[in-house]
Amino acid sequence: MGRAVSLAACALNQWALDFEGNAGRILKSIEIAKGKGARYRLGPELEICGYGCSDHYYESDTLLHSFQVLAKLLESPVTQDIICDVGMPVMHKNVRYNCRVIFLNKKILLIRPKISLANAGNYRELRWFTPWSKARHVEEYFLPRIIQEVTGQDTVPFGDAVLATKDTCLGTEICEELWAPNSPHIEMGLDGVEIFTNSSGSHHVLRKAHTRVDLVNSATAKNGGIYILANQKGCDGDRLYYDGCAMISMNGDTIAQGSQFSLDDVEVLVATLDLEDVRSYRAEISSRNLAASKVNPYPRIKVNFALSCSDNVAVPVCMPIQWRHHSPEEEICLGPACWLWDYLRRSKQAGFLLPLSGGIDSSATACIVYSMCHQVCLAVKNGNAEVLADTRKIVHDETYVPEDPREFCKRIFTTCYMASENSSQDTCNRAKLLAEQIGSYHINLNIDAAVKAIVGIFSMVTGRTPCFSVYGGSSSENLALQNVQARVRMVLSYLFAQLTLWTRGMPGGLLVLGSANVDESLRGYLTKYDCSSADINPIGGISKSDLKNFIQYCIENFQLTALRSIMAAPPTAELEPLVDGQVSQTDEADMGMTYAELSIYGKLRKIAKAGPYSMFCKLINMWKEICTPREVASKVKHFFRMYSVNRHKMTTLTPSYHAENYSPDDNRFDLRPFLYNTSWSWQFRCIDKQVRSVDAAQDSALFIDFIC
């Protein structure tokens, strides 16, 4: 009796609608899996067309090209003698489904549609697909002629079934089904399925990986079994970064772990496991066996193929390992860096330009680009031919080999300090020193001439000259003069991004990087169409507190000593006049709240689903040691006023790396109005009523204490 089975889970850097590239990566992964002895290969969700096709799923072209790629896979000699499990959209009876197509030796064994669709946060699967609602039911699917000509089959099974090979039984889950409260693996396991597979399109969020790992391990801890998870990796065309982490688990233990962040387009994880370990594990769980005796059976698709060999008793099997989790600082260092690399090479641009102010946010963005350069040099050193080829295309040099991150940074990264009369020498020096340490091509320029020209046009037309508030101007004048500076910087950023390489005798243009953090976006503490308006923003989903921790990480791991003075300086926009040559304006004073408070407001608003009144009720307990109820009420009201006044800015927010579950991204994650009644009259009256009630109760308690 066969015991040891070799199984492969893949993490592929697929790209939406890149059918040519996607097919190549799938074939390469199958070839690697076979080379490592695997008899079953699992790939990511919707890997043939790419997960992020969005409304392109409505197009018949997407279905057509997916079947064309499937035909190519079926015909390839690479796919022979291994069960291949690939993902693609399929239309059945005029209904679109998110499916797994499982085939062996030019024969399709089963098309398994997704049962539970992801439809929260960044996911909108119900917009394009319909869940399969017929549990344990299989229908005939009539194959298109392009597939019939290859397989010789007219129809194949379509629905909720499992595969019965000569030596074991496999059942399929697709991404969200693992996260659902009634996951299919529960009933499948009770029905004798020993191997569970999960093809995912799961994106990175800070501190999320452990949740995914725990779910996979717990799936087999109670019920026994082998669980294989494959996942998409990389940026497939939008704000999300899919973080790989392919894994194989057995009986509640992790057996094999794939990388979370990597520049490898194809990663194949193979493990050899003993089926008898599953059977003996299940044998002593009496509650499981009692439930199994009453379970409704799944339709079984018989497969004349074994995942094990008859003479493999002496084959060594894999042992449990301890999962190695990245710290949040490492995640920030690696995740956005890999996302930037995918965006850079796929956009076919020649590098990045960053307005470097000498503050924490832009410095953190610069450090992420520097980390990307490190990852590129390391990948080339380790023999990654694809990264080397992409690098040579970016720098337009067919002989170039990136070896030193600072030297590579000089080629592809331009930083620009845009001084005004309100800028301090300290921030100028900090920006220059950081640029020297990371190796970027650094530019110092002054924007005063442009600002004065624009204000001069206004004065010539109106006969009025606005003044800063320190010189007697109104708040409107003060804000307008700050906004002019900020917007001039945006215009100059794009001008220099287009022409800087031209001035250096180099071809190509640069992508402009933004550096507004998630907290500032939530509060609206940014000028619409200023330097926050860029092509992409690697830190737009990261909080200020996490960025500070990341800066400290860079000091220790990259030896960037320039960051010490940046860490020590108070955050400032430097848009108002200096006082005695020193900065008088600070971000937290301008905002009327601290960054730490902003993070709390953001998590309560988005994750806890709290409106003004609910947020007040939660915070009077959270902050009871530091604030009176009346002070809490004032803080909550101020936040909601500022949030609602500035919400319109989110409609033009630069596409940002998604890293936090309280992101205010208006594109599809945080759907809200952008024209509010900013008085919140009814909600604030409820808060005031509660404040009076609490005050009355406290006064009554004090009176009783006095009498006693």
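Tutor: Helices are DSSP runs of at least four residues, numbered from the N terminus. The model before us is predicted. In this model, arginine 345 is found in helix H10, which spans residues 328-347.

Student: Is arginine 345 buried or exposed?

Tutor: The term buried applies under 20% relative accessible area. Arginine 345 has a relative accessible area of 13%, so the residue is buried.

Student: Which residues is arginine 345 in contact with, leaving aside its neighbours within four places in sequence?

Tutor: Arginine 345 is in contact with Asn13, Asp265, Asp390 and Ile394. With aspartate 265 there is also a polar contact between the side chains, at 2.9 Å.

Student: Where do tyrosine 57 and tryptophan 128 lie?

Tutor: Tyrosine 57 lies in the loop between strand S2 (40-42) and helix H2 (60-75), while tryptophan 128 is in helix H3 (residues 125-128), so the pair ties together parts that are 71 residues apart in sequence. Tyrosine 57 is buried at 2% relative accessible area, and tryptophan 128 is buried at 12%.

Tutor: A second case is tyrosine 400 with phenylalanine 408, whose ring centres are 6.3 Å apart and whose planes meet at 25 degrees, so the pair is stacked. Tyrosine 400 is buried, with a relative accessible area of 6%, and phenylalanine 408 is buried, with 0%.

Student: Which residues form one aromatic cluster?

Tutor: Tyr601, Trp623, Phe639, Phe640, Tyr643, Tyr676 and Trp680 form one such cluster.

Student: What volume does the largest pocket have, and which residues lie nearest its centre?

Tutor: Rolling a probe the size of a water molecule over the atoms shows where empty space is left. Here the largest pocket has a volume of about 1,200 Å³. Its lining has 50 residues, and Tyr525, Leu526, Asp530, Ala573 and Leu575 lie nearest its centre.

Student: Which helix gives the most to the lining of the largest pocket?

Tutor: Helix H16 gives the most, with 6 residues. The lining residues divide into 20 nonpolar, 16 polar and 14 charged.

Key
Residues are numbered from 1 along each chain as its sequence is written. This is a predicted model: local features need pLDDT of at least 70, side-chain atom pairs count only at pLDDT 80 or more; totals for chains, interfaces and linings use all residues. Side-chain values use heavy atoms; hydrogens and water are left out. Helices (H or I, at least four residues) and strands (E, at least two) are DSSP runs, numbered from the N terminus. Buried means under 20% relative accessible area, exposed over 50%, partly exposed in between (1.4 Å probe, protein chains only). A polar contact is a pair of N or O atoms within 3.5 Å; within protein, one must be able to donate a hydrogen and the other to accept it, and residues adjacent in sequence count only if both atoms are side-chain atoms. Contact means heavy atoms within 4.5 Å. On a 1 Å grid over the protein atoms alone, a cavity is a set of points where a 1.4 Å probe fits but cannot get out, and a pocket is an open set with protein on both sides within 12 Å along at least five of seven lines; lining residues have an atom within 4 Å of a point. Grid points are joined across faces, edges and corners, and a volume is the space filled by probe spheres set on the points. Ala, Val, Leu, Ile, Met, Phe, Trp, Tyr, Cys and Pro count as nonpolar, Asp, Glu, Lys and Arg as charged, and the others, Gly among them, as polar. Rings of Phe, Tyr and Trp (its six-membered ring) pair if their centres lie within 6.5 Å; planes under 30 degrees apart count as stacked, over 60 as edge-to-face and the rest as tilted.
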